[in-house]
Amino acid sequence: MLKKIFVIGGAILILLFVWFTFQSVKNALTTNTKSESSFFGADFFFPFPSDIMQSISFQDTNRVAQVSLEELGEFSPAQGLVEIEENTAHISVSDVNDEYIIIRALETNVQPVNISNWSLQSMVSDEWIGLPQGAPLYILGEVNEVQDIYLAPGERAIISTSQSPVGVSFRVNRCSGFLNDTQDFDPPIRTACINPQEILLPTAQNIKDYGASCVSFVERIGSCTYVTSDLKEILDVSQACKDFIKPLLTYNYCINTHAGDADFYEKNEWRIFLNEDKALWRENYEIVRLLDEKHRTVDVITY
């Protein structure tokens, strides 16, 4: 009887040993298959350190132009402080007036970053162009003094390939929407400007001096809109009304009135113009690199 128990127990142990061995082999094969698949399915940049990869704007899509870290050369100390936005919809276009790249300083930065001596380069066509200086406070009708452009933490720069509609690169302020009323910007500039109703309150004296139609007019006119003869509603107001409101609903009056406001630079945005007559970047299979003043890589985007 005891011998029979030993035989049965031994058989059970053998079966358990065979089962565990089978499971171990199966798991090992599965792991190897996954590892092998992961390795051969990895993109061109595998297996570079993840901390470097996460701070560069490579797009994780198939069938785009590819570049290795070795080809990017030396990295800038500003790498990880300023990034190219990954939306390529307005990079891969053929019209120079629609082509722009957006770069942004990270909100976690502790100080502004000077980008005026930086440049952009196509690593496919070898097109290279430097970023210009700009006017911190653009004044209409004057020769504006330009300075180095500093991106404060969280601030962005829209870098348009085309000519500047106002002749210079500039920092967007709350009055810049007036510029958009008379010039074409892509993307459009949308800011608060000045509330027309604030310049003509519906007081008894104002109604006597300028007429009820004048008060009604400023209540209907849009913000950041110049008062010109092209406006249909202008026909219904008095000459005294026109003479009063026209100088007040202007870009220069707006900046003179609001330049000291805490929210004057509400957009946290620069408009930079490369002043080119033709598009710089390829419509597809392109690699655009942002370089610092010593031509070291700050960021790169591929599509």
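This is a predicted model: local features need pLDDT of at least 70, side-chain atom pairs count only at pLDDT 80 or more; totals for chains, interfaces and linings use all residues.
Me: Why is Thr250 called buried?
Reply: Buried means under 20% relative accessible area, exposed means over 50%, and partly exposed lies in between (1.4 Å probe, protein chains only). Thr250 has 18% relative accessibility, so Thr250 counts as buried. Across the chain, buried residues make up 41% of the 303 residues.

Me: What does Thr250 touch, leaving aside its neighbours within four places in sequence?
Reply: Thr250 is in contact with Phe178 and Tyr226. Contact means heavy atoms within 4.5 Å. Thr250 sits in the loop between helix 8 (239-245) and helix 9 (251-258). Helices (H or I, at least four residues) and strands (E, at least two) are DSSP runs, numbered from the N terminus.

Me: What makes Lys278 and Glu127 a salt bridge?
Reply: A salt bridge needs a side-chain nitrogen of Lys or Arg within 4 Å of a carboxyl oxygen of Asp or Glu. The closest N and O atoms of Lys278 and Glu127 are 3.4 Å apart, so the pair meets the definition. The two residues are 151 residues apart. Lys278 lies in the loop between strand 9 (269-273) and strand 10 (287-291), Glu127 in the loop between strand 4 and strand 5. Lys278, at 46% relative accessibility, counts as partly exposed. Glu127, at 27%, is also partly exposed.

Me: Why does Glu99 have no salt bridge?
Reply: The nearest side chain of opposite charge, Lys278, is 8.5 Å away. For charge, Lys and Arg count as positive and Asp and Glu as negative; His and the chain ends are not counted. Glu99 is buried.

Me: What does the side chain of Glu99 reach at 2.8 Å?
Reply: The backbone nitrogen of Leu280. The backbone nitrogen of Trp281 lies 3.2 Å from a polar atom of the Glu99 side chain. Residues touching Glu99 include His90, Ile159 and Ala279.

Me: What ties strand 7 to strand 9?
Reply: Arg156 lies in strand 7 and Glu269 in strand 9, so the pair ties together parts that are 113 residues apart in sequence. Their side chains meet in a salt bridge at 2.8 Å, N to O. Arg156 and Glu269 are both buried. Arg156, Glu269 and Arg271 are linked in a network of salt bridges.

Me: Why do strand 2 and strand 7 count as paired?
Reply: Two strands pair if DSSP finds at least two bridges between them. Strand 2 and strand 7 (residues 156-160) have 5 bridges, in the antiparallel sense. Arg104 stands opposite Arg156 in strand 7.

Me: Why is one side of strand 5 left without a neighbour?
Reply: 4 strands form an open antiparallel sheet in the order 5-4-10-11. Strand 5 (128-130) and strand 11 (297-302) stand at the edges, each with a single partner strand, so one side of each has no neighbour in the sheet.

Conventions
Residues are numbered from 1 along each chain as its sequence is written. Side-chain values use heavy atoms; hydrogens and water are left out. A polar contact is a pair of N or O atoms within 3.5 Å; within protein, one must be able to donate a hydrogen and the other to accept it, and residues adjacent in sequence count only if both atoms are side-chain atoms.
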